[in-house]
Structure formats: structure tokens, C-alpha cells
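Biologist: Please show me the structure, and then I will ask about its parts in turn.

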Amino acid sequence: MAVETVKCDFKILILATISGGYAGADSVGQLHTDYPANVYVLPVVCPAMFPEDFYLRTFERGIDAILVMYSGTDCPYKGGAERTAVIINHVYPLMETRGIDTRRLRLAAICTVCTKPFLNEVIQMNHVLQEIGPVRQKRNVPVPV
Amino acid sequence: MPDKEPLPAEEIRIGVYTCQCGGNISDVVGCARVVKAAGELGNVVVSRTNLSLCSDAGQALIEADIKEKGVNRVVIGACAPSLHEQTFRGTVARAGLNPYFYNHVGIREQASWVHHDNPDGATAKAIRLMAAGVAKARLLEPLEPIRLKAQKHALVIGGGVAGLRAALDIARRGIKVTLIEKSPFLGGHMAQLEQVFPTGDGARDLLKALIQRVVSHANITLYTQAELVGVQGVVGDFTVQICQQSRGISDDRVTAVNVVAPANLPDEFNYGLTTRSVLYQPYPGCYPATPAIDWAHYEDGCLELNGEPLHLQNKPKTFDLAVGAVVVATGFRPYEPPIGEYGYGVLPEVITLPAFIRLLALAGEDERLEFNGRAVKNIAFVHCVGSRQLDGLNEPQPDGQVNDYCSRVCCTATLQATNELHQRYPAINVFDVYEDIRTYGRGHELYYNLASENRVRFLRFHDDELPEVLAAPAGEEHPALVWVTDYLTWGQSLELPVDLVVLAVGMMPNPVDDIIKLLKINAGSDRFLAEVHPKLRPVETAVPGVLLAGTAQGPMNIQESCAAASAAAAKVAVLLGQGYVELEPFVAIVNPALCDGSGECIKECCYEDAISMQPVMVNGTEKVTAVVCAANCAGCGVCVGACPNRAIDLQGWTLKQYEAMVDALAAEDLFALELA
């Protein structure tokens with residue numbers, strides 16, 4: 001089964017909790033469901049560990065979008081989900097002041113079996129990037145398709 | 001905290017290994033390109049690919065590189081880390097390296113299996129992910145696992161044969177067990193069977209002996225009408241909340257209770273073939289013997305004691321238990337066909353195989369088999385109902401998925417039923433209508449042979465020409481007709497006049513979404529609970545300390561359920577038997593030189609006594625800084641995000657490691673490597 005694919009050279013970083021989003025991404029793989037190859041998933045214990053400047057730095061390095069796939073109410077760590085939401089809310093105005101479109105950052109609750117929500121987030125973010133373009137002008141280097 | 005002497009810097013020599021996973025990765029990802037690209041990354045001294053790195057030969061390759069080529073950091077691109085991260089940590093440790101000088105990169109589930117039609121994109125992605133893995137590996141620090149005392153106490157959820165078997169096997173190894181069963185009685189679906197294949201033993205006899213051993217074992221505590229409602233903690237030290245419903249009436253009063261309300265409730269034990277009272281036992285000899293109140297149908301005044309109305313209330317009690325491991329044995333439910341599937345729910349003469357087994361049991365020594373007051377002379381069995389379904393052809397379940405799996409046990413169970421039928425009622429004509437018959441187990445084929453000898457008429461249909469079950473015209477001798485195009489007779493259309501149609505329904509998992517959420521375990525696309533790896537870790541879930549037993553995991557017969565239960569019990573015994581468990585050392589750590597003592601980390605930390613402010617010596621000067629108590633730290637990293645000075649970090653998952661990984665993922669000079 002394949003979901004809608006988009007041809008693009010944007011880079012989407014997913015910070016996915018080991019107990020939720022990362023396992024969800026693995027579940028998508030176990031279902032052999034295709035999605036765009038511009039998505040890089042890094043496992044995290046809980047995204048509350050990332051301070052606001054981590055996100056800004058990541059955009060500055062050229063990552064076009066960040067999906068924070070936390071465990072929401074299923075977060076195994078006390079206060080982890082709430083603290084993550086607080087930090088992300090702090091990041092948005094900082095992005096605005098730097099001219100970074102706030103749609104480039106999304107927080108989504110993804111569980112171990114949330115295969116469809118995972119795919120929806122990936123597809124939606126790709127559509128957003130098609131609309132708003134890269135986070136900064138890139139070099140003239142050929143891009144693999 | 002004393003100042004640490006800085007260790008002499010060693011040369012970082014990274015070995016990068018790209019697993020082909022027997023083609024699972026290399027069929028899509030260009031492993032040679034990944035090897036070449038990784039070999040050009042800084043500090044990488046070895047870059048290889050191998051057909052199967054988790055094999056003995058693959059692991060030996062890595063060990064040899066560590067010993068002979070001086071590799072001191074290892075990066076492996078392979079399947080999901082939940083499968084083989086521990087395997088490779090062991091590999092690294094055996095070669096003499098600290099096991100945390102190893103970084104696992106998932107390029108199967110997150111590259112080759114999700115970019116089938118884009119091998120170049122999958123390869124480029126794998127290269128970037130491996131580069132990120134190398135970037136992290138450069139910053140790895142040696143770590144030691146945290147050893148915690150483990151509760152020598154296990155929780156088993158489910159009082160069917162798998163749960164009973166698991167509980168007994170765990171208890172025999174000297175570990176305390178609490179067994180909870182949601183219903184009022186033990187035994188599960190096995191109690192509804194008469195004979196079991198392939199031995200022909202009486203199901204109740206086997207069950208009774210097992211229950212007797214369970215309830216008499218000193219290490220086992222049993223709660224019926226009890227459910228899991230809360231879980232906290234980690235492997236070795238879970239706190240679970242159990243909620244138990246009231247039984248209703250105590251043993252000393254139950255014989256004096258008079259049931260006023262009519263016994264007109266459908267008896268689910270007999271699939272509605274009989275009725276029961278609001279105060280009931282499923283069958284004589286059940287355990288516990290005390291009848292239970294059906295609270296869903298209880299009304300005040302429906303029971304009397306000594307002529308006076310009884311006023312009962314269900315008062316659930318909730319209590320906590322400290323356990324080190326949990327075995328989930330929540331079992332299955334038979335597939336319930338939708339109204340109209342093969343006439344089910346439309347024609348009264350269409351019943352399921354489990355109901356037919358109860359019909360035979362209820363018939364006892366009767367000379368003839370009757371159904372709905374009519375003697376059964378012709379009977380048809382239809383296989384694969386609710387199993388091996390096809391999208392677009394079968395009605396999906398509420399989640400939109402059809403049951404595309406084989407339920408495995410129904411073929412032999414059907415043949416056993418036909419043989420028992422022939423033995424007891426040899427005059428009945430039996431038609432066995434099937435698409436395929438799979439008698440896969442040892443001794444199961446004998447049931448097929450015996451059915452043939454018993455003159456069961458086999459008729460084989462194709463999945464695009466399913467049989468039809470219709471009402472016979474009024475006045476016909478037999479009330480139902482089965483139309484089947486039979487490919488054993490080269491496609492003849494046959495009409496079978498029958499008195500009873502038995503649908504060999506498959507298995508579905510019991511609905512346990514609440515338990516899945518509480519334990520944070522996974523279900524597969526077939527809705528059965530998922531193991532970490534079907535071959536290598538077949539009874540373990542992705543949550544350490546949570547194990548699976550029996551048909552909660554997939555269709556199994558009793559023999560297989562018991563084997564799985566014993567395997568889960570063995571895992572529990574190994575896990576808890578030593579009295580301690582080792583946890584990952586991924587806890588917070590403070591750099592006292594950077595800590596200004598503001599306490600922002602403590603404000604955000606939700607774990608009692610995980611961080612405290614204490615005086616420490618820094619460069620010969622005493623200052624008050626945050627200090628982490630590793631045993632109380634959950635390793636969530638909330639404190640890391642709160643610290644304005646980056647003075648606190650998470651061992652094994654540091655911010656600098658993440659920044660290095662991001663840099664690798666974003667690096668523009670990697671494009672050249674991807675295109676090479």
C-alpha cells in the first residue's frame with residue numbers, strides 16, 4: 001500500500017518518542033506503507049528535553065520542518081507531555097521574530113499503532129512545505145529524487 | 001561530588017555496518033552506496049555490509065574488527081532498535097567495549113520498508129541516517145546499567161488456560177503470582193469444550209486438574225471479576241491497580257437464596273442455546289463454585305433470602321500491587337458473523353461451531369440430535385468463516401480491516417466435530433464445505449482421514465464463488481439449502497438440503513484497548529497483541545517486563561497456548577529470579593561547572609527526590625549545584641529542557657548528540673556522498 005507521495009527536496013525532521021511516535025513509525029514500516037523519503041525520524045525519550053533554542057538552531061541548519069511526535073496523554077513520564085507543549089508554545093513566537101513560518105513546527109500525539117495519523121502528519125507537512133518552500137535558500141546542488 | 005580527572009582522549013575509531021537483512025534492506029537500499037558514503041565520514045575506519053549482521057557470522061565480523069582493527073565505536077544500520085539493539089550491545093560488550101559505545105540506526109522499518117518504489121531516495125535517506133548515527137557515535141560516553149531491586153511478584157491477566165499455565169509455571173519457580181480474571185469463573189473458552197484434539201482428552205478434566213494446582217499453590221493469589229485499571233513504573237517495579245467487582249452472595253448464604261426473577265437471560269456459556277438466572281454458574285464443577293451475580297441484569301428484589309427481599313449492591317474495590325512483570329493472557333473471542341453472512345442471524349438453523357460444540361454437549365446421551373425441535377438428519381459445515389477474508393468481499397470490522405489471517409484451529413476443530421457427530425449419530429449426513437483445509441499440527445491429519453472414512457462429503461469452493469445459505473421453500477423436509485459450486489467435481493453446482501448449518505468461525509482477540517493503553521503495548525494490524533519479534537522474541541512485547549501468553553497474541557490451539565504461556569513464565573522467572581533488573585543508564589547528569597544553582601530543573605522535575613541541590617566541589621571550590629539521584633530519575637529529560645545553562649543533560653541522549661545528528665541530516669556536503 002502506498003500513500004500519496006510528493007517529489008521534493010525538503011527535509012522534515014521528526015522527533016519521535018521511543019514509547020510512541022518512533023514505535024509508530026516502525027509500525028508504518030511493518031505495514032510496508034510508503035511515504036516520502038524526505039522524512040528523518042530521530043528517537044527521543046521525551047521531547048521535553050529540547051529547549052527552545054534547539055528548534056531554532058535546527059531550522060537555521062536547514063531543516064525545513066520539525067514534527068514533534070510525542071506520546072500525549074500516554075506519555076510514560078510525569079509532566080513530560082505538558083512540558084513539551086509549553087516549550088513548543090514558547091518556540092512559535094521566537095520563530096515569528098526570526099521570520100520562520102510557524103507552520104514548520106507541529107506537535108502531534110502519535111502512539112505505537114498510530115500508523116494513519118503518522119502518515120497524515122507526514123503528508124500534511126509536505127503539502128505545507130510545497131506551499132511555503134524551503135526554510136532558507138539552498139545551494140545549487142543537484143538533489144536526489 | 002568529587003571532581004573527576006579527565007580521561008586521556010583516545011582516538012575515535014568508528015566501525016559502520018550496514019545490514020542487508022537477507023534482502024529486506026538491500027532489495028531497496030543500495031547497501032554498497034551506503035558503505036562507500038559511510039566510509040568517507042570522519043573517524044570511520046571500517047565500513048562494511050553483511051547479509052545478516054545479527055547472525056553469529058555477522059556478529060563475529062564486528063567483534064573481529066573491534067579486536068583486530070581497533071574499532072572503539074560501532075554504528076549499525078539494521079532493523080528497528082527494539083529488535084536488535086540489545087543483541088548488538090552484547091556483541092560490542094563481548095569484544096571488550098563498553099556496550100554503550102554502540103549506536104543503532106533503523107534503516108529497515110524507516111527506509112527500505114517505506115520507500116519501496118524509491119530506491120534512490122531510500123538509499124540517500126539511509127546514508128543520512130547513518131551519517132547522523134556516526135555523528136552521535138563520536139560523542140558517545142561509556143555508561144553502566146543501573147541495577148534496581150526487582151519485585152519477585154508477577155501479575156497474570158486472564159484466567160483461561162494460558163493464564164493458568166503461566167501462573168503455575170511462574171509460581172513453581174518461587175515467584176509470587178497474582179492472577180486476575182475479568183469474568184466470575186476460571187477456565188476461559190476451554191471450559192466450553194468437551195474433547196480436545198489431538199489427544200481426545202476431556203477438556204474439563206484437563207482444566208479441572210490445572211485449576212486445582214493453581215488454586216492450591218501457595219505462591220498464587222487469585223482474583224475473579226477483577227480488571228487492571230492502572231499501571232505505573234518500569235520493569236521490575238510496576239505498581240498496578242486492580243479493580244474487583246463484588247461476588248454478590250457469600251458461600252454460607254448462597255444455598256438459602258431464592259431467585260425470584262425468571263431464568264430467562266441468554267446463557268453466553270452455551271451461546272444462547274439455553275437461558276440462565278441472574279445468579280448463575282456456567283457449568284457444574286466450575287471454579288469458583290460460588291454462583292456469581294450478573295450485575296448487568298440484577299434488579300433489586302429479584303433475589304430473596306428466607307422469604308425476605310435481598311438488597312445487594314456491587315461495591316467494587318480497588319487496590320494496588322507491586323509487581324516486577326506482567327503476563328497478558330487475555331485470550332480470544334469467536335468471530336461473530338454479521339447478520340446475513342451465510343444466513344447467520346436470518347435463518348435459525350445457522351449457528352457457529354462453538355455453539356454446535358455446546359449443542360453436542362447439551363444433547364448428552366440423547367439418541368438423536370435435535371435443533372429447534374427438529375431431528376437433525378443433514379448437516380453442513382462451512383470453513384473459514386471470519387478468517388482469510390478479502391478486502392471488498394467481506395464486511396470489515398469497525399476498524400475497517402477484514403480478518404485476512406487464518407485462524408488455524410478451526411479446520412481440525414471442525415473435523416473433530418464431524419467425527420464426534422458420526423460416532424454419536426452415525427445416521428446423520430455430514431457435508432464439509434471448504435475452500436482449503438489446513439490440519440497442520442502433529443496428529444491433526446488423522447482427523448481428516450477419519451472424517452473421510454466416516455463418509456463426510458467434502459465439497460470445495462473457490463473464494464470468488466462463496467457458498468450461499470438460503471431458506472428452503474415451505475413444505476420442504478429440510479429447512480435450509482446450501483448452494484455450493486464444488487471444484488472436487490469440476491465445478492458442479494450442488495444444492496444441499498440441510499437441517500443445520502455450522503459456521504466454522506475464526507478467532508478474534510478479546511477487546512483489550514484499555515490494557516493496551518495502560519501497558520503501552522502494541523497490537524498488530526490483525527488486532528492481536530504484537531510481540532517484538534515473531535522468531536527471536538516471540539512472547540515479549542516492546543515494553544520490558546510485559547509478556548504475552550496464548551491467544552491474545554494470535555490464533556492458537558490449547559497446546560500452543562500452553563507452550564506460549566510456559567515460555568512467558570520462563571521469561572518472567574529469568575527476569576525476576578535474580579531479585580534485580582538492570583535498567584538503561586539513561587538518566588540525567590549534571591555538569592557542576594555549568595550549574596548556577598538556580599533550581600530550574602527541580603521546578604520542572606515531577607519525580608520525588610530525583611534532583612536536589614547540594615554542595616559540591618568544583619575546581620577546588622565548594623558551590624551548591626543540582627545533583628541527580630539516578631535511582632529516582634526516570635530519565636525523561638524534562639530537566640534538560642528547563643536548564644538555561646545546559647548544565648544538565650541526559651546520559652546517552654545528550655543535546656550535543658542531537659545537535660550533531662541534526663547537523664548530519666542537514667549537511668549539504670552529504671549530497672555528494674548520496675549521489676556517489
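What follows is a set of questions and answers on this predicted model.

Biologist: In what order do the four strands of the open sheet in chain A lie?

Modeller: The pairing in this sheet is parallel. Neighbouring strands are turned by 20 degrees against each other on average, direction ignored. The order is β2-β1-β3-β4.

Biologist: Which strands of chain A stand at the edges of that sheet?

Modeller: An edge strand has a single partner strand, so one side of it is left without a neighbour in the sheet. In chain A this holds for the strand at 39-44 and the strand at 105-109. These are β2 and β4.

Biologist: Which residue of β3(A) is the bridge partner of Leu15(A)?

Modeller: Strand β1 (residues 12-17) of chain A runs parallel to strand β3 (residues 65-70) of chain A, and five bridges join them. For Leu15(A), the bridge partner in β3(A) is Val68(A).

Biologist: Which helix of chain A packs on the sheet, touching β1, β2 and β3?

Modeller: The helix in question covers residues 21-30 of chain A. Its direction makes about 110 degrees with that of β1(A). This helix is α1.

Biologist: Which element gives the most to the side of chain A that touches chain B?

Modeller: The contact between the chains takes 48 residues from chain A and 50 residues from chain B. On the chain A side, α1, β2, α2 (52-60) and α3 (80-97) each supply at least two residues. By class, that side has 28 nonpolar, eleven polar and nine charged residues. With seven residues, the element that gives the most is α1(A).

Biologist: How many residues of domain 4 of chain B are in contact with domain 2?

Modeller: The domain assignment gives domain 2 of chain B as 153-245 + 316-331 + 510-581, and domain 4 as 336-508. Their centres, taken over C-alpha atoms, are separated by 32 Å. Domain 2 brings twelve residues to the contact, divided into four nonpolar, five polar and three charged. The number from domain 4 is 22.

Biologist: What is the handedness of the crossing of α6(B) and α7(B), left or right?

Modeller: Helix α6 (residues 161-171) and helix α7 (residues 203-215) of chain B have axes that come within 10 Å and cross at roughly 40 degrees. They are therefore oblique to each other. The crossing is left-handed.

Biologist: How many nonpolar residues are in the contact of α6(B) with α7(B)?

Modeller: Val161(B), Leu164(B), Arg165(B), Ala167(B) and Leu168(B) belong to α6(B). From α7(B) come Leu207(B), Leu210(B), Ile211(B), Arg213(B) and Val214(B). There are two charged and no polar residues, and the nonpolar ones number eight.

Biologist: How does α5(B) lie to α16(B), parallel or antiparallel?

Modeller: Helix α5 (residues 119-137) and helix α16 (residues 655-666) of chain B pack with their axes 8 Å apart. Their crossing is right-handed. The angle is about 150 degrees, and angles over 145 count as roughly antiparallel. That makes α5(B) and α16(B) roughly antiparallel.

Biologist: Where is Pro198(B) placed?

Modeller: The peptide bond from Phe197(B) to Pro198(B) is cis, with omega near 5 degrees. Pro198(B) sits in the loop between β8 (195-196) and β9 (201-202) of chain B.

Biologist: Where is Arg388(B) placed?

Modeller: Arg388(B) has phi near 50 degrees, a positive value in a residue other than glycine. Its place is in the loop between β26 (378-385) and α10 (410-424) of chain B.

Terms used: Residues are numbered from 1 along each chain as its sequence is written. Chains are lettered from A and ligands numbered from 1 in the order in which they are written. This is a predicted model: local features need pLDDT of at least 70, side-chain atom pairs count only at pLDDT 80 or more; totals for chains, interfaces and linings use all residues. Two strands pair if DSSP finds at least two bridges between them. Axes are lines fitted to C-alpha atoms, for helices over the stretch in contact, and angles run from 0 to 180 degrees between N-to-C directions. Two residues are in contact if their C-beta atoms, placed from the backbone, lie within 7 Å. Angles under 35 degrees count as roughly parallel, over 145 as roughly antiparallel, 65 to 115 as roughly perpendicular and the rest as oblique. A crossing is left-handed if the near helix is turned anticlockwise from the far one by less than a right angle, and right-handed if clockwise. Ala, Val, Leu, Ile, Met, Phe, Trp, Tyr, Cys and Pro count as nonpolar, Asp, Glu, Lys and Arg as charged, and the others, Gly among them, as polar. Domain bounds come from an automatic or database domain assignment.
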